[in-house]
Amino acid sequence: MSNSTVYECFEEAVTRFPEQSAIVEPEKSLTYAGLKRRIDLIMENFPSQEKCIGIVTDHGADFVAAIFAVLKAGAAYVPAEPDFPEERIRFMMEESGVGFIITRRKYQEKLKGFPLLFLEDMTEEFSAQKDSRRGRPESLAYILYTSGSTGVPKGVCVTNANVCHYVRAFQQEFHPAAGDVMLQYSVCSFDIFVEEVFTTLLSGAALAIPDGQARADVNSLMDFVREKK
């Protein structure tokens with residue numbers, strides 16, 4: 001893992017656990033093999049090769065697939081929650097120099113002026129994959145924007161190697177494995193989000209993602225936690 005990219009580590013998990021649940025949502029689940037197919041479909045729709053790609057969408061399987069599609073393409077993802085202030089999202093995307101933003105049509109007014117790639121348009125299977133253009137361990141994996149001590153967002157750049165080192169340390173301490181379930185609750189700009197997603201999906205475990213209602217109400221959230229174990 002130390003000499004691998006995040007996506008290469010994910011591919012190893014797909015090879016080992018193709019039919020294990022990868023994403024668990026309130027009404028559906030997605031296997032590792034199914035998640036990989038969705039990743040390939042999203043990447044096939046990328047209009048150009050970019051160093052950084054924004055992601056602004058609701059939490060769920062498509063959000064996770066978009067992240068891995070960006071990583072497979074050898075780019076870095078720049079995430080923002082759709083309910084962030086428009087000015088904050090614009091600052092983050094402009095400063096990081098994203099080539100386009102993966103989103104949904106309901107957010108296009110908030111993202112006007114940026115090239116947009118809509119997830120709901122990606123419904124057709126493709127016939128031939130583009131070159132995956134994978135990055136290297138030293139390539140950037142993501143840029144997360146903190147609030148900054150001055151109130152101005154500050155981008156923190158993290159490489160694939162950094163992520164893989166962290167995942168390996170987490171695995172040695174907590175031993176996540178197929179059959180385990182991790183709750184994905186943190187907002188995408190917190191480093192805990194990285195822990196939730198990557199330590200789970202590089203280990204063969206499942207990521208349980210509640211809907212907006214459960215995120216907003218602690219009783220609904222705990223019902224989801226109990227149901228998905």
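Visitor: Which residues does Phe-198 touch, not counting residues up to four places away in sequence?
Guide: This is a predicted model, where local features need pLDDT of at least 70, side-chain atom pairs count only at pLDDT 80 or more, and totals for chains, interfaces and linings use all residues. Residues are numbered from 1 along each chain as its sequence is written, and side-chain values use heavy atoms, with hydrogens and water left out. Contact means heavy atoms within 4.5 Å. Leaving out residues up to four places away in sequence, Phe-198 touches Val-6, Ile-67, Phe-68, Leu-71, Tyr-77, Val-163 and Val-167.

Visitor: Which residues touch the most other members of the largest nonpolar core?
Guide: A nonpolar core is a set of buried Ala, Val, Leu, Ile, Met, Phe, Trp, Tyr and Cys residues joined through side-chain atoms within 4.5 Å. Buried means under 20% relative accessible area, exposed over 50%, and partly exposed in between (1.4 Å probe, protein chains only). The largest core holds 52 residues, and those touching the most other members are Phe-10, Phe-46, Phe-68, Tyr-77, Ile-102, Phe-198 and Leu-201.

Visitor: Which helix gives the most to this core?
Guide: Helices (H or I, at least four residues) and strands (E, at least two) are DSSP runs, numbered from the N terminus. Elements giving two or more residues to this core include helix 1 (6-16), helix 2 (32-44), helix 3 (61-72), helix 5 (160-174) and helix 6 (191-201). With 10 residues, the one that gives the most is helix 3.

Visitor: How many residues does the second core have?
Guide: Nonpolar side chains tend to be buried together in soluble globular proteins. Here a second, separate core includes Cys-52, Ala-80, Tyr-107 and Phe-114, and its count is 16 residues.

Visitor: How many of the 11 residues of helix 6 are buried?
Guide: The buried set is Phe-193, Val-194, Glu-196, Val-197, Phe-198, Thr-199, Thr-200 and Leu-201. Helix 6 is mostly covered, and of its 11 residues the number buried is 8.

Visitor: Which elements do the buried residues of helix 1 pack against?
Guide: Those buried residues are Val-6, Tyr-7, Cys-9, Phe-10, Glu-11, Ala-13 and Val-14. They pack against helix 2, helix 3, helix 5 and helix 6.

Visitor: What arc do the buried residues of helix 8 cover around the axis?
Guide: Helix 8 (residues 218-228) buries Ser-220, Leu-221, Phe-224 and Lys-228. They sit on the same side of helix 8 because their arc, taken from the directions from the helix axis to the C-beta atoms, is only 100°.

Visitor: Which residues are exposed on the other side of helix 8?
Guide: The buried residues pack against strand 1, strand 9 (181-183), strand 10 (206-208) and helix 7 (212-216). On the other side, the exposed residues are Val-218, Asn-219 and Arg-226.

Visitor: What is the phi of Lys-229?
Guide: Most residues other than glycine have a negative phi. Lys-229 lies in the segment after helix 8 and counts as exposed, at 78% relative accessibility. Although Lys-229 is not a glycine, its phi is positive, about 60°.

Visitor: What is the phi of His-175?
Guide: His-175 is in the loop between helix 5 and strand 9. His-175 counts as exposed, because its relative accessibility is 55%. This residue is not a glycine either, yet its phi is positive, near 55°.

Visitor: Which residues lie nearest the centre of the largest pocket?
Guide: On a 1 Å grid over the protein atoms alone, a pocket is an open set of points where a 1.4 Å probe fits, with protein on both sides within 12 Å along at least five of seven lines; lining residues have an atom within 4 Å of a point. The lining has 23 residues, and nearest the centre are Glu-25, His-59, Gly-60, Ala-61 and Asp-62.

Visitor: Which helix gives the most to the lining of the largest pocket?
Guide: Strand 2 (29-31), helix 2, helix 3 and helix 7 each give two or more residues. With 3 residues, the one that gives the most is helix 3.

Visitor: How far apart are the C-alpha atoms of Ala-178 and Ala-13?
Guide: Ala-178 is in the loop between helix 5 and strand 9, partly exposed at 32% relative accessible area. Ala-178 and Ala-13 are 165 residues apart along the chain, but their C-alpha atoms are separated by 9.6 Å.

Visitor: Is Phe-17 buried or exposed?
Guide: Phe-17 is in the loop between helix 1 and strand 1. Leaving aside neighbours within four places in sequence, its contacts are Tyr-32, Ala-178, Ser-203 and Gly-204. With a relative accessible area of 15%, Phe-17 is buried.
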